[in-house]
Amino acid sequence: MRELIELEQRCKDYVLETMDADGAHDLAHIERVVKQAKWLAQQEGANELVVVAAAWLHDLVNYPKDDPKRAQASFDSASKAESFLKSLGLDGAEISAIQHAIVTHSFSAQVTPRTLEAKVVQDADRLDALGAIGIARCMMVGGRLDRSLYDTLDPFCEEREPNDLLFTLDHFFQKLLRLENTFQTDSGQLEAARRSAFMREFLSQLKAEIVS
């Protein structure tokens, strides 16, 4: 337990020194992912050392949503983490496991997790895109990229394909509401279903307010 606490503190210190953050991928986001990852690891019986380290380090490199390098961010984060992980005295197998979990957490990278620990970290990160916090983060990113909130002719993509490059609300239909079916662990699936239901309630209320 003491070793895990010490590792976590060193990871947090390293993140504070080196991370490349934006408002939706800041320290608060990382802390939420770590919290969810710990809970999922305990529920699923995963190696907490691997999970906690990967959760802390998963967003060391972050590119904006509209950056062509976006899909490379998790690979770059894993590479950046390597020398730090070696400085912790971890062995090669542990470092490889942590790097794999970092790479596969990313939706954009489209890499399938091969280990339970990687599945836990992926689920923990995706949970932060759902529920109330997911709604808040979506709106924050859309505003920062200067996208319109919704298409006034068809706000809820009922007769068109969603395009979240133009409309923030379209991101719900293009990605967020589809995430529920991508969760890897039983515990993650249950929490994803709960948070997704809340998002659908939000959309129902929004529809009542903006559609005459």
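A109 lies in the loop that joins α5 (92-104) to α6 (116-127). The model is predicted. Because its relative accessible area is 15%, under the 20% limit, A109 counts as buried. Leaving aside residues up to four places away in sequence, A109 touches A71, S74, F75 and V103. Q72 stands 37 residues from A109 along the chain, yet their C-alpha atoms are separated by 6.6 Å.

The largest nonpolar core has 53 residues, and W56, L57, L85, I98 and F172 touch the most other members. At least two residues of this core come from each of α1, α2, α3, α4, α5, α6, α7 and α9. The greatest contribution is that of α3, with eight residues. Domain 1 (1-109) and domain 2 (130-211) each provide at least three residues of the core. I98 touches L49, V50, A53, A54, L85 and L90, again not counting residues up to four places away in sequence.

| α1 | 2-18 |
| α3 | 48-57 |
| α4 | 73-87 |
| α7 | 131-144 |
| α9 | 186-210 |

Helix α2 covers residues 27-44, 18 residues in total. From its first C-alpha to its last α2 reaches 25 Å, close to the 26 Å expected at 1.5 Å a residue. Its buried residues include H29, I30, V33, V34, Q36, A37, L40 and A41. An α-helix has 3.6 residues a turn, so residues three or four places apart point the same way. Just after α2, G45 adopts a positive phi of about 80°.

Notes. Residues numbered from 1 in each chain as written. Predicted model: local features only at pLDDT ≥ 70, side-chain atom pairs only at ≥ 80, totals over all residues. Heavy atoms only, no water. Helix = DSSP H or I, 4+ residues; strand = E, 2+ residues; numbered from the N terminus. Expected span 1.5 Å × (residues − 1). Buried < 20%, exposed > 50% of the residue type's maximum accessible area, 1.4 Å probe, protein only. Contact = heavy atoms within 4.5 Å. Core = buried A, V, L, I, M, F, W, Y, C linked by side-chain atoms within 4.5 Å. Domains from an automatic or database assignment.
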